[in-house]
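Please work through each task before reading its solution.

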Amino acid sequence: MLYRPEDFEPLVDEPWDARRIRAGLEEVVADTDAAFRGPKLLWRADDWDRWRSRSPQTLLYCGAAGVLWALDDLRRRGHAESRLDLAALAVGAVERQRLKPDFGNAPFLPAKHESSLLMGRSGCLLTALRIAPTRELADDLHRLVRANVANETDELMWGSPGTLVAARLLHEWTGDARWSDAWDESATALLARRGADGLWTQHLYGQVERIVGPAHGFVGNVLALDQRLHGGARAALHRAANRVLARLAVVEDGTANWAPAVEEQLVHRTGVIRVQWCHGAPGVVISAAHYLDEELLLAGAELTWHAGPHGDERGSSICHGTAGNGYAFLKTFARTGDELWLGRARRFAVHALAQMRRQRSERGRGRYSLWTGDLGVALFLADCLDGRTGYPLLDA
């Protein structure tokens with residue numbers, strides 16, 4: 001058994017209707033605008049998102065920076081226009097994060113936690129530089145990227161793979177050679193820390209593990225590296241990564257899944273089997289679709305389809321919910337050109353929208369975050385409308 005059927009629910013019996021999806025997307029933006037509590041209070045953070053910290057949150061992963069990234073992206077792509085002053089709020093989020101960091105009393109934080117892309121100041125700065133760039137903000141981010149070179153977490157959320165993404169984007173946006181140099185410095189150090197087995201070892205939250213998924217492990221590191229590697233170096237990394245993923249895959253009846261870490265079994269001691277972006281087949285497919293052996297790619301995508309949409313415990317989000325799993329189908333469509341996968345993605349979009357609305361009604365408000373809430377769902381809806389395959393921010 002590669003997934004637990006009881007963790008998932010049947011797809012809603014509604015056809016794809018682009019007008020209804022577009023209306024749902026616009027509804028998210030309007031609700032986000034209406035829920036804004038001012039430049040100091042921002043958006044009320046969900047209890048899970050503010051774990052060991054407080055509301056509001058400013059982070060890319062589950063706070064204001066992620067909300068602003070999504071609102072700006074939807075605006076740029078012509079899907080919906082927020083009435084908020086995104087530039088002022090993005091700069092304000094940087095200052096708030098600097099004065100009142102969101103880390104709270106979380107245990108075992110990495111030494112360079114302020115450099116984190118998804119959970120620290122780097123993500124806030126990246127968002128501000130996308131919306132309202134200044135030299136001062138760029139200098140601040142450049143310092144954090146260089147400070148993160150030796151971060152021992154060796155994963156995307158806290159470590160240098162995340163700041164590799166930031167350096168790549170700044171080089172693409174500005175052409176400034178210092179971002180290319182910063183990327184090279186981090187990439188060289190990250191590649192040097194790869195083990196003889198092709199994996200990296202994560203020192204994270206007091207644990208030492210070799211993690212597989214994109215948020216905290218192997219495929220996220222490869223993704224961050226291969227976006228700027230070229231020629232033989234990129235091809236060699238892809239071949240090595242494909243061998244690792246083939247070795248670690250658990251295959252059954254034409255479907256495949258991956259345990260969260262090399263040291264774990266597919267079925268965790270608690271009985272949980274992960275099938276989501278951060279751990280499991282969807283995240284591997286999303287991150288490795290461009291180099292993964294096609295038979296294994298299809299097996300991972302089929303597992304995601306057979307499992308179906310997540311139940312409300314994990315919800316509609318792009319991190320561990322229905323919308324995130326739907327990106328596996330968009331990536332498979334891009335790789336194969338088979339319209340079947342675009343259709344499946346759109347079925348998940350219809351479900352994610354209905355699920356998000358149901359959760360909002362039960363909660364009495366929306367969930368205002370990118371990776372864990374409604375804004376990530378909105379980006380997935382937009383990508384299904386456009387037939388686009390870019391996972392938020394990481395494929396920007």
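**Exercise 1.** State where Asp 253 lies, and determine whether Asp 253 is buried or exposed.

*Solution.* Step 1: Asp 253 is placed in the loop between β3 (250–252) and β4 (255–257); strands are DSSP runs (E, at least two residues) and helices likewise (H or I, at least four), numbered from the N terminus. Step 2: the phi of Asp 253 is positive, about 50°, although this residue is not a glycine. Step 3: Asp 253 has 77% relative accessibility and counts as exposed, the classes being buried under 20% relative accessible area, exposed over 50% and partly exposed in between (1.4 Å probe, protein chains only).

This is a predicted model, in which local features need pLDDT of at least 70, side-chain atom pairs count only at pLDDT 80 or more, and totals for chains, interfaces and linings use all residues. Residues are numbered from 1 along each chain as its sequence is written, and side-chain values use heavy atoms, with hydrogens and water left out.

**Exercise 2.** Describe the phi and the location of Tyr 205.

*Solution.* Step 1: Tyr 205 is not a glycine, yet has a positive phi of about 55°. Step 2: Tyr 205 belongs to the loop between β1 (202–204) and β2 (207–209). Step 3: with a relative accessible area of 36%, Tyr 205 is partly exposed.

**Exercise 3.** Is the peptide bond from Ser 55 to Pro 56 cis or trans?

*Solution.* Step 1: omega is near 0°, and the bond from Ser 55 to Pro 56 is cis. Step 2: Pro 56 sits in the loop between α1 (18–35) and α2 (64–76). Step 3: for context, most peptide bonds are trans.
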